[in-house]
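These are my notebook entries on a single chain, kept in the order in which I looked things up.

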Amino acid sequence: MSSAAPPTLELREFNPTRPRVNPTLAELLQWVEQSQTPNRKTTSSNHNNAHHVLDLGFPHLFVSVDLPFRPLLQQPHLQRQEKARSWRFSEQVAQDDLLFPMLTVEETLMFSAEFRLPRSLSKSKKKSRVEALIDQLGLQNAARTVIGDEGHRGVSGGERRRVSIGIDIIHDPIVLFLDEPTSGLDSTSAFMVVKVLQRIAHSGSIVVMSVHQPSYRILGLLDRLVLLSHGQTVYSGSPAKLPVFFLEFGHPIPENENRTEFALDLIRELEETPGGTKSLVEFNKKWQVTKRQKYKQANGSDNSASNMPKLSLKDAISASISRGKLVSGAPSDTNLASSVPTFANPIWTEMLVISKRSIKNSTRMPELFGIRLGAVLVTGIILATMFWHLDDSPKGVEERLGFFAFAMSTTFYTCAEAIPVFLQERYIFMRETAYNAYRRSSYVLAHSLLSIPSLLILSLAFAATTFWAVGLAGGLQGFLFFLLSICSAFWAGSSFVTFLSGVVTHVMLGYTVVVAILAYFLLFSGFFISRDRIPVYWIWFHYISLVKYPYEAVLQNEFDDHMKCLVTGIQMFDNTPLGDVPVALKLKLLENMSNTLGLNVTGSSCVTTGLDILKRQGLTDISKWNCLWVTIAWGFLFRVLFYFTLLLGSKNKRR
């Protein structure tokens with residue numbers, strides 16, 4: 001029985017035409033290729049081992065690893081659609097832990113399973129996958145503990161990092177890339193994280209990670225080690241070969257010194273010399289060639305990557321699925337387009353899962369909605385007591401105009417609390433959509449529908465608190481329209497603030513922008529200055545003012561009654577210097593005015609109706625129902641704009 005070939009790592013001189021001289025990690029991932037060697041049997045296990053070649057590109061760096069799993073990724077000339085699907089079989093774990101703080105470990109992984117695993121898998125199978133993953137990650141004791149944040153105690157830093165790894169490997173990817181998974185952790189937590197990664201590698205995945213200053217215990221868990229200096233490989237091979245490598249280089253590692261610390265210190269010293277690490281890079285190349293020659297002499301064949309047969313992406317994926325590696329539920333089909341969809345679930349399933357997660361987060365932080373509801377109720381009570389039972393006198397008419405203007409503007413200002421809602425989960429959203437966990441449209445639709453019940457509650461609370469207390473007109477029918485107007489204002493304001501949260505990335509900056517723009521909307525709404533007196537060069541702002549349309553709608557709902565008299569002849573003198581003269585003198589003045597004008601104006605004659613008030617305000621060009629529909633349409637427009645900000649502002653870098 002032949003012995004297994006020793007795993008190697010090679011650096012090949014290769015200079016393909018690339019769009020960038022210094023490619024990003026995302027670009028490097030797009031150049032991953034896959035190949036394999038014929039099966040070999042080892043003396044240590046009964047399963048087939050394969051020699052894996054991971055091409056990181058620019059220049060080509062071949063990391064050869066013996067693992068009990070065969071296919072990797074290889075297809076340099078994929079079509080765009082196939083490239084997007086190919087990333088379903090690899091995963092990159094970011095350095096930051098982006099998690100919802102009020103979800104438990106089990107819930108976090110379960111939601112990830114519902115996003116990443118297709119609906120063809122039953123809920124029980126998804127739950128079984130989550131339970132198996134919790135065992136694999138060593139999170140049994142923390143499964144029902146919330147993630148936590150600064151204000152809520154939760155899991156430890158090491159457990160949080162393992163959860164971050166778990167949500168990205170829930171679909172059992174073939175290749176796993178990790179960006180400094182041990183950063184910010186103590187030595188014990190860092191060791192536990194790498195230990196988990198070792199178990200993942202033993203389960204059949206290819207695990208590639210970047211790490212700084214690994215401890216001696218972590219170094220013992222690694223199969224292959226690559227040391228880089230300014231993009232050049234200065235060592236590649238087994239960690240156990242470090243002493244031999246540096247001994248032959250002429251810098252032996254002392255017995256009681258950490259190998260990696262010595263290597264990194266030496267590299268840093270060489271970087272400060274005039275020649276840099278060029279001598280070490282050249283020595284590494286010769287050392288790799290010598291190692292391959294020794295292996296060829298001993299085994300009669302070369303184990304370099306160039307001698308390995310290639311697999312197409314389609315064949316590699318089919319082989320992976322047939323071995324049960326992927327739990328994505330994709331059938332072993334020769335048609336890649338049908339077996340591996342871009343998204344694991346249809347849009348309605350994504351919307352349902354997003355809604356469930358949002359509701360669970362909201363129910364665990366009821367104080368957020370409670371504070372907003374309290375603010376609306378307090379505002380309504382203050383307005384009700386300030387404008388208690390307004391009469392139909394000229395002074396009462398002016399006070400009603402002031403009530404409506406303040407009520408509409410307050411409605412929009414209370415929507416500013418939606419600013420941090422998306423900003424808090426912005427980077428979670430970007431991470432999840434980058435790996436096609438769900439569509440951006442699903443996110444926008446789910447959150448739009450989910451906001452409607454809360455807006456209805458807020459609208460009902462405000463309308464019920466103020467309508468009858470202020471003494472508004474219209475009875476039940478008038479109340480229902482007033483309620484709809486308030487709800488449409490909440491909808492438009494919430495949509496506008498949501499759109500701004502997609503544009504502005506900082507909470508305080510967002511509040512500043514929202515307050516300023518809403519102040520402009522109020523200024524040009526027509527309350528402070530009528531439309532006819534607004535300068536021509538500012539009239540466009542009047543028509544895009546969100547406050548204008550609900551304000552005009554409630555005014556028409558209040559004054560659109562030509563039979564209702566608001567100012568009689570005797571009341572004409574109110575709010576004028578003649579307001580305090582005796583009634584008899586007012587009647588005499590009315591008689592003289594009638595004789596002069598040729599009109600019959602008595603003390604009880606109606607001189608101003610509700611329609612006159614509307615004409616004075618310039619509110620007769622759009623009906624109240626059209627104002628309502630325009631306000632609702634503004635809300636939909638800003639939701640669409642929010643979608644485009646997500647589409648353009650958080651592009652999927654892996655497509």
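**Cavities.** I worked on a 1 Å grid over the protein atoms alone, where a cavity is a set of points at which a 1.4 Å probe fits but cannot get out, a pocket is an open set with protein on both sides within 12 Å along at least five of seven lines, and lining residues have an atom within 4 Å of a point. Grid points are joined across faces, edges and corners, and a volume is the space filled by probe spheres set on the points. By this rule I count 5 cavities of 30 Å³ or more.

**Ground rules.** I note that this is a predicted model, in which local features need pLDDT of at least 70 and side-chain atom pairs count only at pLDDT 80 or more, while totals for chains, interfaces and linings use all residues. Residues are numbered from 1 along each chain as its sequence is written, and side-chain values use heavy atoms, with hydrogens and water left out.

**Largest cavity.** I find a volume of about 170 Å³ for the largest cavity, and its lining is made up of 17 residues, with Ser112, Ile167, Arg357, Arg431 and Glu432 nearest the centre. The elements that give two or more residues to this lining are α3 (105-116), α5 (157-168) and α17, and the largest share, 5 residues, comes from α3. Helices (H or I, at least four residues) and strands (E, at least two) are DSSP runs here, numbered from the N terminus.

**Second largest pocket.** I note a volume of about 1500 Å³ for the second largest pocket. Its lining has 44 residues, and those nearest its centre are Ser358, Ser362, Leu368, Val421 and Glu425. Among the elements that give two or more residues to this lining are α13 (347-363), α14 (366-386), α16 (419-424) and α18 (440-470).

**Whole chain.** I count 25 helices and 11 strands in the protein chain. Of its 655 residues, 52% count as buried, where buried means under 20% relative accessible area, exposed over 50% and partly exposed in between (1.4 Å probe, protein chains only). Taking contact as heavy atoms within 4.5 Å, I find that residues 24 or more positions apart account for 73% of the contacts with a separation of 6 or more.

**Aromatic pairs.** I searched the whole structure and found 38 aromatic pairs; rings of Phe, Tyr and Trp (its six-membered ring) pair if their centres lie within 6.5 Å, and planes under 30 degrees apart count as stacked, over 60 as edge-to-face and the rest as tilted. The pair of Phe496 and Phe638 is edge-to-face because the ring centres are 5.2 Å apart and the planes stand at 70°. Phe496 lies in helix α19 (residues 475-503) and Phe638 in helix α25 (residues 624-649), so this pair ties together parts that are 142 residues apart in sequence. Both Phe496 and Phe638 are buried.

I also looked at Trp538 and Phe541, a tilted pair with 6.4 Å from centre to centre and 55° between the planes. Trp538 counts as partly exposed at 36% relative accessibility, whereas Phe541 counts as buried at 11%. One aromatic cluster includes Phe496, Phe638, Trp538 and Phe541.

**Charges over rings.** I took a charge to sit over a ring if NZ of Lys or CZ of Arg is within 6 Å of the ring centre and within 35 degrees of the ring normal. The charged end of Arg217 sits over the ring of Phe191, 4.1 Å from its centre, and Lys548 lies over the face of Tyr549, 5.2 Å from the ring centre.

**Single residues.** Thr466 lies in helix α18 and counts as buried, at 0% relative accessibility. Leaving aside neighbours within four places in sequence, I find Thr466 in contact with Gly380, Leu383, Phe403 and Phe482. Gln424, in helix α16, counts as exposed at 63% relative accessibility.

**Positive phi.** Most residues other than glycine have a negative phi. I noted Glu180, which has a positive phi of about 50° although it is not a glycine, in the loop between β6 (175-179) and α6 (187-202). Asn436, with a positive phi of about 55°, is found in the loop between α17 and α18 and is buried, with a relative accessible area of 7%.
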